[in-house]
Amino acid sequence: QLRLVESGGGSVQPGGSLRLSCVASEFSMDYYVTGWFRQAPGKEREGVSYITSDDLWYYRDSVKGRFTISRDYAEYTVYLQMDRLKPEDSAVYYCAMGRRPSLSARDYDTWGQGTRVAISS
């Protein structure tokens, strides 16, 4: 069974950077897209970015120009480089795999356990 494991979260000051990693336990032909989502306390889970198996990517407006998604096929890993972080970026970040490229959590059916990101001074 495919498993996803996120890492790289932590606490940084505003303006700082973090790089999140999402490692898959195996290669799967069943999934076309890997997405990053986040959920802050008391808020709904929201899509942050996704990347497809043919390297198409997309970002939500609030992170464009600050976050970069990439992948390492050999390592079954998708990264989310987060720069110029803001307090409103604080959340638990999840990666997920799905068959349809979108920022809707409903289009993804395999999820990691999440990694916490806290931005504060």
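The model is predicted. Four strands form an open, antiparallel sheet, and the structure holds five aromatic pairs.

**Sheet**
- The strand order in the open sheet is S1-S3-S8-S7, with antiparallel pairing.
- Strand S1 (4–7) and strand S7 (67–72) are the edge strands, each pairing on one side only.
- From one strand to the next, the twist averages 15°.
- S1 and strand S3 (residues 18–24) run antiparallel and are joined by four bridges.
- Glutamate 6 has cysteine 22, in S3, as its bridge partner.

**Aromatic pairs**
- Five aromatic pairs are present; one of them is the tilted pair of phenylalanine 37 and tryptophan 111, at 4.9 Å centre to centre with 55° between the planes.
- Phenylalanine 37 is in strand S4 (residues 33–39) and tryptophan 111 is in strand S10 (residues 108–111), so this pair ties together parts that are 74 residues apart in sequence.
- Phenylalanine 37 is buried, at 1% relative accessible area, whereas tryptophan 111 is partly exposed, at 27%.
- Tyrosine 50 and tyrosine 58 form a stacked pair, because their planes are at 20° and their ring centres lie 5.8 Å apart.
- Tyrosine 50 is buried, with a relative accessible area of 13%, while tyrosine 58 is partly exposed at 39%.
- Phe37, Tyr94, Tyr108 and Trp111 are linked into a cluster by ring pairs.

**Charges over rings**
- The charged end of arginine 45 sits over the ring of tryptophan 111, at 4.7 Å from its centre.
- Arginine 19 lies over the face of tyrosine 79, 4.1 Å from the ring centre.

Note on methods
Residues numbered from 1 in each chain as written. Predicted model: local features only at pLDDT ≥ 70, side-chain atom pairs only at ≥ 80, totals over all residues. Heavy atoms only, no water. Pairing = 2+ DSSP bridges. Helix = DSSP H or I, 4+ residues; strand = E, 2+ residues; numbered from the N terminus. Axes fitted to C-alpha atoms, helices over the stretch in contact; angles between N-to-C directions. Phe/Tyr/Trp six-rings, centres within 6.5 Å; stacked < 30°, edge-to-face > 60°. Buried < 20%, exposed > 50% of the residue type's maximum accessible area, 1.4 Å probe, protein only. Lys NZ or Arg CZ within 6 Å of the ring centre and 35° of its normal.
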